[in-house]
Amino acid sequence: MSTGNLHAKWLSYQNVFSKKIMYPLIGHSMSVDDLKIVQQPTDRELLHLLGLNEHFPRAVLHASTSFGGMGCPTFHAQHVVDKVVLFLHHMKEKAELAEVFQASMSLTQLECGTSKPFFSLPADPWYDLVTPTWINHIWQECIQKGIELLFYEKAFWLPGAQREHDFTIMDLAAQLYGGSHLVRINQCRIYLQVVYLSDITSVDGCRILHAYFEGKGHEAAGRESRLNWPPIGILPKTHWTLWKEFLHQLCGTSLRLPTPLGGWYADSEILTRIKFLMYEQRLIKYHQKTWFDFRPYYLQSRTRFRNAPFPFTDLHLIPAARVVDITECNDSIYIVSQSDQLLIPGTPDIIVHSIQDLYQTLPRSLQRIAGVIEWPDEDTTHSLAEAIRQGNAVGASDGSVRAHDDEATHAWIIQAPNGAAITGRGPVDGTSQVRTSHRAEIQGQVGIFLMVATLVQFYTIIKGHITTYCDNLPVVTKIQKGWQLLRLKHTKGSDTDLQVTLRHLFTQLGKGVTHKTLWVQSHQDKNMPLHSLPQEVALNVRMDAETKVAYDLPLEWQTQGFVDVLPAEGCAVYIANRKISSALSSTLLAQWHAAEAQEYLLSRHDIDTSLFSVIQWTAMKYALEKLNYHRRATAVKAIHRHLPTQDKLFQQGRVTMCTLCPQCISHPETNAHVYSCTNKEALQQRLIDWGDLQKQLTSLKTALVIQRVWSIHMRPLLALHNTPDILETVLVDTHGDVHFFLRAAIAEQDRIGWDKLLLGMGSSLWQSLQQHIDSNNPRPPQRTASDWINRAMHQLIKFSLRCWKSRNIAVHGATFKEGKQKALERARQSIRSLYAQPPSLDPQFRPITEVPLLHRLRLSLPAAEHWLALVNHQIRATAHNLRILMKQHRPIPEHFTAMEQECQRNLAQQRRLLSRDFPRRAHSREVQNAVKKKCACGYIAIFRPCRASFTYHGTHPRHVHH
């Protein structure tokens with residue numbers, strides 16, 4: 001099949017077949033085994049479309065390009081990732097489906113019975129405790145792959161502790177039990193409708209109530225749950241035996257808590273309501289929104305009351321009443337324990353007197369985005385509010401990234417026409433990969449609109465306008481277009497969380513307060529003084545200087561890697577504490593197959609964990625994704641030593657002659673030999689390609705020292721030799737930090753392998769070295785060091801592909817017709833070799849010399865290849881038959897041994913036949929009786945024809961006496 005047809009079939013698979021498979025799966029919860037029946041035949045066809053062997057490693061096929069894979073995920077991985085993207089989309093959109101998700105998650109959290117979000121719990125053993133749902137399937141699959149979903153504190157219901165020193169029952173049970181025992185304890189807990197230890201503890205916090213110990217529930221203890229619990233049914237006695245055993249391990253046989261519970265938290269949610277109160281000698285009950293009163297059984301009774309309710313109207317006594325636990329017996333109600341209503345006050349609400357007070361009510365994560373604010377006096381803030389109301393307020397922001405210090409900052413300002421202004425500066429958080437200038441710029445705009453929303457709320461601005469400026473055009477374009485609908489799957493830029501926050505702020509401002517964001521050119525102060533610049537340009541220059549000041553903020557305001565979940569987000573995905581804020585789908589798919597890819601790299605390339613962390617995998621990802629899928633397949637085969645060389649084909653039995661290189665015919669053609677073949681034409685072409693590679697590296701502004709070191713180490717691998725001692729000359733020429741970085745980079749690349757550098761596996765220290773050299777360059781290049789390493793690895797992989805292509809052209813020809821002619825010549829050469837040394841074949845095969853050589857040489861290519869394959873099969877069959885024949889011929893001593901063993905077997909068989917008529921030993925009383933019976937019948941007389949009389953004594957022939 002032609003390449004064009006393969007390309008068309010690949011497009012059909014990617015855009016039609018895979019989407020047709022994945023679309024109906026979004027509403028289901030499928031496991032790996034469920035989709036295996038579809039995955040296995042699809043993988044075979046997919047490998048054919050990509051020009052790969054059907055035995056190609058599946059770990060490389062499904063692995064991300066970040067690890068040198070093809071980037072073709074499994075249906076199961078795509079299925080779960082699509083569900084995650086859909087879930088996050090609806091949670092951020094706050095749509096109607098988000099309420100359904102929250103209800104399902106609340107029920108799952110209640111079934112788990114823990115105070116930690118269940119998305120952060122390991123699937124074993126917690127998943128066995130809950131009902132399988134659409135969301136629980138996401139949790140089960142993601143947590144096994146190291147993917148964690150975190151929620152904003154108010155976006156996800158969690159049961160809070162009701163009393164001091166309180167713990168959830170399941171957190172305590174998980175420390176003592178596991179497996180089916182933990183499941184039984186959890187079922188008992190759900191039956192009793194309790195979550196925390198305080199739900200089953202007496203009001204004085206000292207001991208477990210007997211009603212819960214016996215499994216009777218809330219009604220027997222005078223309490224009720226305020227939650228809607230799932231039905232559980234009647235539990236067997238074995239469950240309650242285990243429940244009692246658990247409470248005994250927890251509190252002992254006395255059921256007294258080791259640490260008594262303290263007072264009740266005033267701001268906590270009441271999960272279990274205590275229905276009975278006591279004021280002096282009056283027992284008060286709250287039932288179905290009505291208060292009732294119970295009278296003492298006797299006049300002096302303080303713990304026994306008649307079970308006859310009366311209406312209670314003295315509601316003013318309730319705050320002073322004591323909470324009590326009760327038990328009912330016949331017509332009486334007994335007080336089990338009682339306690340005062342000891343409340344622990346919560347955090348007091350901030351009383352808003354100024355705009356600073358209102359700002360302090362914002363979540364800590366939003367305050368960190370705005371940064372450190374220089375608060376002006378009240379008159380200045382009032383002037384800013386008036387400027388917004390009149391529509392002539394101006395804002396500007398800027399961002400800065402210092403890659404060599406691994407830090408980033410932003411700054412913003414809002415200014416009124418009279419010069420009144422408020423400014424802020426702060427860090428840009430996140431890992432190095434996401435901490436880009438784009439994120440820094442958009443965070444500055446978020447700071448502006450966050451302060452505008454605060455001013456609008458405090459001064460109750462109904463209608464107004466503000467114009468903001470930014471020197472990053474993509475950020476300006478995003479703000480101008482707005483976000484009617486967030487497409488999280490392929491969102492570009494490391495700012496999805498900030499985009500959601502901006503969108504929420506615009507919605508909060510409403511239609512009354514409008515905004516307009518314009519682009520301004522940066523660094524215009526180089527050609528003219530600052531006071532002569534327009535207002536927006538001057539503000540941008542001023543903010544550029546403020547970003548440099550922000551690097552010297554206190555330690556708490558320095559850049560950090562972890563980014564909190566923002567309120568407008570509601571939910572975010574984290575991998576190893578790294579927030580995924582862009583390219584969500586591809587990042588999750590890469591993580592999904594990361595473990596299998598790392599295991600394959602360890603077995604194939606000896607890349608362990610320590611070595612894995614020093615390789616610049618992002619550069620390999622960039623280089624492979626720049627290639628189309630069929631060239632990528634060739635590059636992946638080269639990276640993992642799966643090129644169809646003569647050595648590989650001989651091992652697979654696809655060539656019959658030898659493993660020698662078809663060009664130099666002197667060495668076995670391995671993957672390494674492709675790049676070091678000493679054939680004159682191959683060497684000349686490789687030298688030309690190497691020169692082109694050096695030109696490309698020079699055009700990328702590669703540091704001369706890096707280019708020279710690469711040449712020194714890679715030219716011998718390509719059979720392009722260097723002059724001696726050139727490496728020492730390069731090392732002597734360097735000094736200071738450059739010398740340190742260079743030696744460290746060479747040492748790391750020695751561990752990785754210089755042959756792997758040709759295939760895109762370079763040390764991450766090359767980027768650090770290039771970045772250090774660029775930072776000290778008086779005229780630094782426009783590109784960044786990360787751009788350089790990406791493009792450099794791309795050029796190295798392209799060079800490797802050119803080496804393989806030139807080999808294929810030399811062996812198979814440049815065109816289809818030329819390749820056919822070369823294949824025919826190789827087949828004829830193989831036929832001549834066979835006729836020169838005819839092989840010895842079995843008699844059932846016809847000798848090859850039966851047909852003249854000239855007739856064989858006139859065969860067409862298919863006929864010649866078929867005949868060569870047939871002869872190869874006959875040679876293998878002859879060798880196999882010879883091995884079988886040699887196994888059948890044994891030495892003379894072995895024959896004597898076999899004859900002796902056969903004689904011994906015959907003698908043993910004769911003894912067994914004789915023992916049937918004349919047993920030599922009796923093993924039971926029945927056998928003894930049978931022998932006596934035979935003797936009485938004259939059996940022995942027949943065997944021994946002696947006429948003398950004899951008497952039989954005993955049960956054995958040896959005891960016969962004449």
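Author: Quick definition before we start: two strands count as paired if DSSP finds at least two bridges between them. And keep in mind that this is a predicted model.

Reader: Which residue of E11 is the bridge partner of Asp 325?

Author: Strand E10 covers residues 322-329 and E11 covers 332-339. The two run antiparallel and are joined by 7 bridges. In E11, the partner of Asp 325 is Ser 337.

Reader: Over to helix H12: how far apart are its end C-alpha atoms?

Author: H12 runs through residues 237-251, which is 15 residues. At 1.5 Å a residue, the helix should span 21 Å. The distance in the model agrees with that: 21 Å.

Reader: And how wide an arc do the buried residues of H12 cover around the axis?

Author: Buried here are His 239, Trp 240, Leu 242, Trp 243, Phe 246, Leu 247, Leu 250 and Cys 251. They sit on the same side of H12, because the arc they cover is only 160°.

Reader: Is Asp 689 buried or exposed?

Author: Asp 689 is found in helix H27 (residues 680-699). Among residues beyond four places away in sequence, it touches Phe 799, Arg 802 and Cys 803. The cut-off for burial is under 20% relative accessible area. Asp 689 has 5%, so it is buried.

How values were computed
Residues are numbered from 1 along each chain as its sequence is written. This is a predicted model: local features need pLDDT of at least 70, side-chain atom pairs count only at pLDDT 80 or more; totals for chains, interfaces and linings use all residues. Side-chain values use heavy atoms; hydrogens and water are left out. Helices (H or I, at least four residues) and strands (E, at least two) are DSSP runs, numbered from the N terminus. The expected span of a helix is 1.5 Å times one less than its number of residues. Buried means under 20% relative accessible area, exposed over 50%, partly exposed in between (1.4 Å probe, protein chains only). The arc is that of the directions from the helix axis to the C-beta atoms. Contact means heavy atoms within 4.5 Å.
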